[in-house]
Amino acid sequence: MNEFRFEIGEEMEDERIDKCLVMLIDSLSRSFIQKLIREEAVKVNGVSVKGSYRVKSEDSIEFFLPDAVKPDIAPEKIPLDILYEDRDIIVVNKPKGMVVHPAAGHYSGTLVNALMYHCGDGLSGINGSMRPGIVHRIDKDTTGSVIVCKNDTAHNCIAAQLKEHTITRRYHAICHGVLKDNAGTIDRPIGRHPSDRKKMAVNEKNGKSAVTHYRVLKRFERFTYIECVLETGRTHQIRVHMASIGHPLLGDEVYAGLKSGFRLQGQTLHAKTLGFRHPATGDYVEADAPLPAYFEHLLEIL
């Protein structure tokens, strides 16, 4: 069990305690910290507080991080397309239709179920029993590279790189319409949709900074094949950003509002390249996931 103690400085005055702890311990998710607060495991000046508590200068915060619980997830013998693996990390090429980790409605057939079979107990436990090893994720119908951590040291290192935006994340996609410019940058904040909480949207008032760089790989009669590089990693970032400039992704059933004309399962979006500093050696490692067969076939048709 790990013990954490913090003295709050003036720079964090009036921040919500859950947000404050996320900034202090970047390897823990905000939802996990909120869970600890609900369980009255977080004390401020020796007293349990609610998640809405706003910290004050010189507040003393302390809590214990429970030891990782052995995940109550059934290992499943699901084939993995492994792009890179060593004793600290594993990078897999996630197929279309696979959910990254168990959640309501998806307790089997997930990437985590497959990883539990492949790695056994050798996965980081920082993000809780439902997300062992998971430090980031991609959407169910997005294919491509996902990095998974086998121990907490690796998890902390990769999480820090994600927070610092130093990880290379290069995606390939097909969007509606023909882009005029060969390259461009979309710098617009993303947050929850104001009227549909299941969706994200460009949200100038309450959104978080989001930056996507794109370039044209090939133009077709009604579509454009593009590469997108993420500077930040907001939920549905590429899908929301491309839709915001009038070029939603082909097959995107949530943000396109257009019939694709093809038999597709969700958006045509592939996490092609993932580059990072290795948590043990410090060397730069880059994994490249080949385009899935459906994507290659679609490009041939177009």
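## Cores, loops and overall form of a predicted model

In the largest nonpolar core, which has 30 residues, Leu115, Tyr171, Ile238 and Met242 touch the most other members. At least two residues of this core come from each of β6 (89-94), α3 (111-119), β7, β8 (168-176), β12 (211-219), β13 (223-230), α5 (237-244) and β14 (269-277). The contribution of α3 is the greatest, at five residues. The model described here is predicted.

Once neighbours within four places in sequence are set aside, leucine 115 is in contact with Leu80, Ile90, Gly120, Leu123, Ile134 and Val148.

The chain as a whole may be described next. It contains six helices and 15 strands. Its radius of gyration is 21 Å, close to the 19 Å that the globule rule gives for 302 residues, so the chain is as compact as a globular protein of that length. The C-alpha trace spans about 65 × 45 × 40 Å along the principal axes. Buried residues make up 47% of the 302 in the chain. Of the contacts between residues at least 6 apart in sequence, 65% join residues at least 24 apart.

Helix α1 covers residues 17-24, and its buried residues are Ile17, Asp18, Cys20 and Leu21. Viewed down the axis of α1, these buried residues fall within an arc of 160°, so they line one face of the helix.

Tyr225, Tyr294 and Phe295 are linked into a cluster by ring pairs.

| Residue | Relative accessibility | State |
|---|---|---|
| Lysine 150 | 18% | buried |
| Asparagine 203 | 13% | buried |
| Asparagine 206 | 58% | exposed |

Lysine 150 is placed in the loop that runs between β7 (143-149) and α4 (152-163). With a relative accessibility of 18%, lysine 150 counts as buried because the limit for that class is under 20%. Its side chain and that of glutamate 85 are joined by a polar contact of 2.7 Å. Beyond its neighbours within four places in sequence, lysine 150 is in contact with Glu85, Asp86, Arg87, Asp88, Ile89, Ile90, Cys119, Gly122, Leu123 and Ser124.

Asparagine 203 has a relative accessible area of 13% and is buried, whereas asparagine 206, at 58% relative accessibility, counts as exposed. A polar atom of the asparagine 203 side chain lies 2.7 Å from the backbone nitrogen of asparagine 206.

With neighbours within four places in sequence left aside, asparagine 203 is in contact with Pro189, Ile190, Gly191 and Arg192. Between asparagine 206 and isoleucine 190 the C-alpha to C-alpha distance is 8.0 Å, and the two are 16 residues apart in sequence.

Key
Residues numbered from 1 in each chain as written. Predicted model: local features only at pLDDT ≥ 70, side-chain atom pairs only at ≥ 80, totals over all residues. Heavy atoms only, no water. Helix = DSSP H or I, 4+ residues; strand = E, 2+ residues; numbered from the N terminus. Buried < 20%, exposed > 50% of the residue type's maximum accessible area, 1.4 Å probe, protein only. Polar contact = N/O pair within 3.5 Å; in protein donor to acceptor, adjacent residues only side chain to side chain. Contact = heavy atoms within 4.5 Å. Core = buried A, V, L, I, M, F, W, Y, C linked by side-chain atoms within 4.5 Å. Phe/Tyr/Trp six-rings, centres within 6.5 Å; stacked < 30°, edge-to-face > 60°. Arc of directions from axis to C-beta. Rg over C-alpha atoms; globule rule 2.2 N^0.38 Å.
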